[in-house]
Structure formats: structure tokens, C-alpha cells
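Subject: Structure for you to look over

Hello,

I am handing over the structure below. My notes on what was found in it follow.

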Amino acid sequence: MSANLASLMDLQDVDTLLDQLKHKREVLPERRSLADAMNVARSLDRQLADLTSQRDALVARQAELEAEIESATARVVMIERRLYGGEVSASRDLQAMSEEVDHLRSRRATLEDSELALMEDTEPLDAEIAKVSQLRSDVDAEITRISEALAVAEAGVDAQITEREGERHRLAEAMPQALLAEYERLRSRLGGEGAARLVGDSCTGCHLRMPATEVERIRRLPPGSFANCEQCGRIIVH
Ligand SMILES: [Zn+2]
């Protein structure tokens, strides 16, 4: 085996390892856990938004009732002031005013009942909002924890990648340009494998057997020249 071909196979081995490391980096379990936790966070955010808008609608309705109650009270105070102020003496007017006060008081009681009912409806919503907010902040803490674990795991893989890339750089630099270019071209076309070994009479790239004459031809190639597998096209290292 020529030195160039030996280095080419070393390069292929490093590249395969680098591809594996890059894949490992993509599928780190921490990355999956982080995506899961973020999904949970998004779902809790949607629940919170929904609950909050329900609660806000009830609170807004309470404020409207409050204003109506206040205005009824103010009107009662005003009528009673006139009623007992001595300015009005006609008994028909006094009767009408007294009836309006009764009507306003009864309306105010109804409004107060409605307000109480609204406050009772708000309580379980407040409890639910508090519960979901707590879950949301627990998930936040979980996201922080997983993010830190992911950063540590990534740094571990990155250190291995950097080391292998240094190795790859040294191997690629020492290789004839034409051989390297052919390898890169095949590698990008053939799923990351541009070179394969000849083991017995089979190519380790496509696992197909070669005719004996072809094996013989490859074995007798002068140093510095190389052959491609007739089946898959990969550079054959022998
Ligand atoms: Zn092959």
C-alpha cells in the first residue's frame, strides 16, 4: 500500500469519526430534554394567557358593576337629600322620589349579588393561575438546568471535534491535491465515504466482490496511482 493511500484511509477514518461526533452533538439527550421542556413551557404560557384573559374579563365586569353600584348609591344619596331637605312638598313628588329610592336600592342589591358571584368565579381562576405560574417557574428552572448540562455536553464533544479536525488538517495537508480533491468529491456524493478498503476481493464501501483480474490490476498499480471501485466509485485502498 502506498503511503498516500494509507494516509487517505486514515483521513477517511477521521472524517467518519468527525461525522459521528457531529451527529452525536446534534442528538445529545440534553438537546431533546431541552426541546421537551420548552414545549411544556409554551403550553403553560398558552394556559396562563387563556386563564389570565378569563380572569381579566371577570375583573373588568366587576369594575363595571362597581361603577353602576356607585352611581346608584350617589343617586340615592342625592334623592334622599332632596326628600328630607324640605324643598319638595308635593306628596306626589315625594311618593315618586321614595319609589325611585326603593327601586335604586333593589337594583343596587341585584348588582351587588352579581358582583359577589363574579368574585366567587374569580377565586378558582386566581388559584389556577397561581398553580400554573408555579409550574411555569419550575419549568424555567428546569430549562436553565438542562441548558447548562447541554453546554457542558456540547463542550465535551466540541473538544473531541477540535482535536480530530487538527488531525484531519494535518492528514489533508500532506496529501496530493488531486487525490484529496477526488476523495472530497466522492465523499460528498457517497454519504461521507470517499475511500474504501480492499479486503480479500471485496470493496468495504459497497461490499461487492471484484473480478479477480480487477483485484490483481489494483494490487499491481504503481505507487502514486489509485483505482476506483468499479461498482461504487470509491477510491480503493489496498
Ligand atoms: Zn465499492
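Overall layout

From the N terminus on, the elements of the protein chain run α-α-α-α-β-β-α-β-β. Helices (H or I, at least four residues) and strands (E, at least two) are DSSP runs, numbered from the N terminus. The radius of gyration of the chain, taken over C-alpha atoms, is 41 Å, well over the 18 Å that the globule rule (2.2 Å times the number of residues to the power 0.38) gives for 238 residues, so the chain is more spread out than a compact globule. Its C-alpha trace spans about 130 × 30 × 25 Å along the principal axes.

This is a predicted model, in which local features need pLDDT of at least 70 and side-chain atom pairs count only at pLDDT 80 or more, while totals for chains, interfaces and linings use all residues. Residues are numbered from 1 along each chain as its sequence is written.

The domain assignment, which is automatic or from a database, gives domain 1 (26-166) and domain 2 (179-237). Their centres, taken over C-alpha atoms, are separated by 70 Å.

Helix 1 covers residues 3-26. Its buried residues are Leu 5, Leu 8, Leu 11, Gln 12 and Asp 15. Buried means 20 or more other C-beta atoms within 10 Å of a residue's own, exposed 12 or fewer, and partly exposed in between, with C-beta atoms placed from the backbone. In the whole chain, 11% of the 238 residues count as buried. Those of helix 1 pack against helix 3 (91-173), helix 4 (177-189), strand 1 and strand 4 (235-237).

Leaving out residues up to four places away in sequence, Leu 8 touches Met 175, Leu 179, Tyr 183, Ala 195, Ile 235 and Val 237; contact means C-beta atoms, placed from the backbone, within 7 Å.

The 4 strands form an open sheet with the order 2-1-4-3 and mixed pairing; strands pair if DSSP finds at least two bridges between them. The edge strands, each pairing on one side only, are strand 2 (202-203) and strand 3 (227-228). Strand 1 (residues 195-199) and strand 2 run antiparallel, joined by 2 bridges.

His 207 lies in the loop between strand 2 and helix 5 (212-219). Its phi is near 65°, a positive value in a residue other than glycine. His 207 counts as exposed because it has 11 C-beta neighbours inside 10 Å.

Regards

Definitions and conventions. The expected span of a helix is 1.5 Å times one less than its number of residues. Two residues are in contact if their C-beta atoms, placed from the backbone, lie within 7 Å.
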